[in-house]
Amino acid sequence: MKQNSKAIAANILKKILQHEGSLATHITTDTPPQTKYYCYQVCRNFFLLAHLCKQLLPKQPRQKDNDIYALLMIGLQALIDSEDPDYAIVSETVNACHTLQKTWAKALVNKVLRQFINHKETYLANAQKNIEAKFNHPAWYIDAVKTLYPQQWQQILSSNNQKPPLTLRINNQKITTKKYLEQYGINAQPIADLTSAIILNNPCSAEKIPGFAEGQCSIQDGSAQCAATLLFPQDAETILDACAAPGGKTCHLLEMCPTLKITAIDLTTQRTEKIDNNLQRLGFNAKVLNANANEVDSWWDKKVFDKILLDAPCSATGIIRRQPDIKLLKQQTDIDNLCQQQQNLLNNLWPLLKPGGTLLYVTCSILKQENDEVIKQFVNQHSQAKVQSISLPFGNKTDYGWQILPGDKHCDGFYYSSLKKLPVSSSP
Ligand SMILES: C[S@@+](CC[C@H](N)C(=O)[O-])C[C@H]1O[C@@H](n2cnc3c(N)ncnc32)[C@H](O)[C@@H]1O
């Protein structure tokens, strides 16, 4: 069974190594839990494992053998953190070569894992001398975080390497947070002043969460829950949620104010179906559109919105603990392109906001380039855009908004900036 879980995980990780999709695309509800665990652990510890493989392997594996490379990482990771006996780990990993139909690799896998067992302490001590292996992040990210957050950089990297908590958002239209906790006898902790957020002390899968199917709660990190609160939704307002799937923030807005008229957009039907499913589970309605938010003429009815939420596509460098494959998939060179996408969305959506209205820009990035710098450039080019002061119970004020770092109050790293649209006459 474990042998199969390892082989399935090796095939998934092979795809990630080749940049063919992400963990989110390959891991489904049908994926065995042990396979999921191997995939996440290998991604989380990828830079240590890659360093160990470099020391242990006579040569870098060929691309077509990336499954064996991944399998070796799975075996090494188990030798580091599993309570199973070493001989059992070696035997399962070697046997997984059969399942992968690469019996030629059995001797190699056996030799490498035994070599590691025999000199484990030395290999692990030597890895501490390599910065990527020591901190388990790519060098570009370590450098960026060190420069941006000279006091907190080690704390950020360490938070990124932890398993994330399971945080719920209680649907206060159906049940108060206090009643939810009492009704199900749930062992959980609150997050600062976030009234609907709780962190479960005993995490479990979504289908086992009490009241989940009935729409009493959703899974959503505390930082993500701050977005809707910063938009201060009021009765019957029209709100555009421009990058809405899977609908976490759309649904939270409706939980805060069910009379809102929300238009929720995302790029593909696969993504918008998730919004529809969440709305249905929680008992809300919204206008859900499958469209490119930038192509305004294809979907906009020319009625300006009271408020716009732009939860922009970004590097996701604030949620690495939830999506550890970001460490392998995102490159420094991707950031410029993402900033361009963020600027395009801001530029194209700004005319859809009514004068006096608010646009909330949100990312799950901790890179200033995607956050304050994007807003700085935008307000410099739009005299009607004025940054509004915002504050949250945790995180820090920045020049143009608010930044939460990964691990602050056990939450993800998020950025928010609130822009007011001045009436034309009052703009400078
Ligand atoms: C950070 S996620 C949104 C999460 C969502 N707001 C929530 O809280 O559940 C960003 C989303 O933007 C979507 N996206 C990216 N570019 C887009 C575009 N040009 N138009 C519409 N959606 C876009 C992506 O498909 C992705 O679902």
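Predicted model: local features only at pLDDT ≥ 70, side-chain atom pairs only at ≥ 80, totals over all residues.

Student: Which residues of H14 are buried?

Tutor: Helices (H or I, at least four residues) and strands (E, at least two) are DSSP runs, numbered from the N terminus. H14 spans residues 248-256 and is mostly covered, with seven of its nine residues buried. Those are Lys249, Thr250, Cys251, His252, Leu253, Leu254 and Glu255.

Student: Which residues does Asp241 contact, leaving aside its neighbours within four places in sequence?

Tutor: Asp241 sits in strand E5, residues 238-241, and is buried at a relative accessible area of 2%. Taking contact as heavy atoms within 4.5 Å, the partners of Asp241 are Lys249, Thr250, Ile262, Thr263, Ala264, Ile265 and Leu309.

Student: And Asn66, is that one buried or exposed?

Tutor: Asn66 belongs to helix H5, residues 66-81. Beyond its neighbours within four places in sequence, Asn66 touches Lys14, Leu17 and Gln18. With a relative accessible area of 8%, Asn66 is buried.

Student: How is H6 oriented relative to H7?

Tutor: Axes are lines fitted to C-alpha atoms, for helices over the stretch in contact, and angles run from 0 to 180 degrees between N-to-C directions. The axes of H6 (residues 86-99) and H7 (residues 106-118) come within 9 Å and cross at roughly 160°. Angles under 35 degrees count as roughly parallel, over 145 as roughly antiparallel, 65 to 115 as roughly perpendicular and the rest as oblique. So H6 is, relative to H7, roughly antiparallel.

Student: What about H10 and H11: which term describes their orientation?

Tutor: H10 (residues 139-148) and H11 (residues 153-160) pack with axes 8 Å apart, at an angle of about 135°. That angle makes H10, relative to H11, oblique.

Student: Which residues of H11 make the contact with H10?

Tutor: From the H10 side come Tyr141, Ile142, Val145 and Lys146. The H11 side supplies Trp153, Ile156, Leu157 and Asn160.

Student: On to the sheet: which strands stand at the edges?

Tutor: Two strands pair if DSSP finds at least two bridges between them. Here four strands form an open sheet in the order E2-E3-E1-E4, with antiparallel pairing. One side of each edge strand lacks a neighbour in the sheet, because each has a single partner strand; these are E2 (188-191) and E4 (217-219).

Student: What is the bridge partner of Leu168 in E4?

Tutor: E1 (residues 166-170) and E4 pair in the antiparallel sense over three bridges. Across from Leu168, the partner in E4 is Ile219.

Student: Last one: what angle does H12 make with E3?

Tutor: H12 (residues 177-184) packs on the sheet and touches E1, E2, E3 (194-200) and E4. The direction of H12 makes with that of E3 an angle of about 30°.

Definitions and conventions: Residues numbered from 1 in each chain as written. Heavy atoms only, no water. Buried < 20%, exposed > 50% of the residue type's maximum accessible area, 1.4 Å probe, protein only.
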